[in-house]
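Q: I'm new to this one and would like to go through it step by step. Can you put it up?

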Amino acid sequence: MNTQQLIEEAKAARLKAYTPYSNFKVGAALLCNDGKVFHGCNVENAAYGLCNCAERTAFFSAFAHGYKQGDFARLAVVGETDGPIAPCGACRQVILELGGNELPVVLTNLHGDVFETTAAAQLPNAFGGQDLKKK
Ligand SMILES: O=c1ccn([C@H]2C[C@H](O)[C@@H](CO)O2)c(=O)[nH]1
Ligand SMILES: [Zn+2]
């Protein structure tokens with residue numbers, strides 16, 4: 001599957017977003033090395049702090065199906081932003097740990113603007129497991 005096809009998957013995922021509070025829909029599509037694609041959408045809650053972003057939904061769904069770091073080929077995310085969507089800090093942290101440093105990340109919008117980056121480039125000087133004191 002090429003990048004444009006993965007973007008189309010992210011757009012399809014976006015249509016499943018549950019956003020009664022922000023009405024801001026985001027979709028993500030996580031391509032695995034075996035060709036499988038996991039969709040993610042943002043899922044909101046009346047307790048606003050419990051809202052989950054599209055990017056994390058996609059990764060958590062993949063992990064729930066037994067996939068792990070090393071199994072992923074590319075992540076695409078689409079939002080209704082003027083420019084390519086910018087993942088929030090929480091998602092950058094999760095994308096980095098679960099996707100790995102080199103994971104290609106394609107950020108886009110409904111106008112076709114595309115920014116191609118990587119998990120590590122999206123979170124410089126990241127905190128990670130290597131920073132935890134081991135007992
Ligand atoms: O990259 C992003 C940015 C925002 N959101 C969601 C969180 C919330 O539901 C809504 C508004 O912030 O958009 C995502 O899912 N991904
Ligand atoms: Zn986020």
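Q: What follows α2, and what is its phi?
A: G66 follows α2, and its phi is positive, near 95°. Helices here are DSSP runs of H or I with at least four residues, strands are runs of E with at least two, and both are numbered from the N terminus.

Q: Before going on, what kind of model is this, and how is it numbered?
A: It is a predicted model, in which local features need pLDDT of at least 70 and side-chain atom pairs count only at pLDDT 80 or more, while totals for chains, interfaces and linings use all residues. Residues are numbered from 1 along each chain as its sequence is written, chains are lettered from A and ligands numbered from 1 in the order in which they are written, and side-chain values use heavy atoms, with hydrogens and water left out.

Q: Which residues of α2 are buried?
A: A54, E55, R56, T57, A58, F59 and A62 are the buried ones in α2. Buried means under 20% relative accessible area, exposed means over 50%, and partly exposed is in between, with a 1.4 Å probe and protein chains only.

Q: What covers them?
A: The cover includes β1 (27–32), β2 (37–41), β3 (72–79) and α3.

Q: How do α2 and α3 cross?
A: The axes of α2 (residues 54–64) and α3 (residues 89–99) come within 9 Å and cross at roughly 30°. An axis is a line fitted to C-alpha atoms, for helices over the stretch in contact, and angles run from 0 to 180 degrees between N-to-C directions. The two helices are therefore roughly parallel to each other. Angles under 35 degrees count as roughly parallel, over 145 as roughly antiparallel, 65 to 115 as roughly perpendicular and the rest as oblique.

Q: Left-handed or right-handed?
A: The crossing of α2 and α3 is left-handed, meaning that the near helix is turned anticlockwise from the far one by less than a right angle; clockwise would be right-handed.

Q: Which residues make the contact?
A: From α2 there are E55, R56, F59, F60 and F63, and from α3 there are A90, C91, V94, I95, L98 and G99. Contact means heavy atoms within 4.5 Å. By type, these residues divide into 8 nonpolar, 1 polar and 2 charged. In that count Ala, Val, Leu, Ile, Met, Phe, Trp, Tyr, Cys and Pro are nonpolar, Asp, Glu, Lys and Arg are charged, and the others, Gly among them, are polar.

Q: And which residues of α3 are buried?
A: C91, R92, V94, I95, L96, L98 and G99. Their cover includes α2, β3 and β4 (104–109). Just after α3 comes G100, with a positive phi of about 90°.

Q: New topic. Which protein donors does the zinc ion have?
A: The zinc ion (ligand 2) has C53 (SG), C88 (SG) and C91 (SG) as protein donors, lying 2.2 to 2.4 Å from it. Donors are N, O and S atoms within 2.8 Å of the metal (3.2 Å for Na, K and Ca), and water is not among the atoms, so sites may look incomplete.

Q: How are those donor residues spaced in sequence?
A: The spacing is C-x34-C-x2-C. C88 is partly exposed, at a relative accessible area of 32%, and C91 is buried, at 0%.

Q: Where is H39, and what is it in contact with?
A: H39 is in strand β2, and H39 is partly exposed, with a relative accessible area of 24%. Leaving aside neighbours within four places in sequence, H39 is in contact with E9, A12, A13, K16, A28, A58 and S61. The C-alpha atoms of H39 and S61 are 7.9 Å apart, with the two residues 22 apart along the chain.

Q: What about N23, buried or exposed?
A: N23 is exposed, with a relative accessible area of 55%. N23 lies in the loop between α1 (3–14) and β1, and its phi is near 50°, a positive value in a residue other than glycine.

Q: Last one: what does T117 touch?
A: Not counting residues up to four places away in sequence, T117 touches L103, P104, V105, L107 and Q122. T117 is in strand β5 and is buried, at 11% relative accessible area. P104 lies in strand β4 and counts as partly exposed, at 25% relative accessibility.
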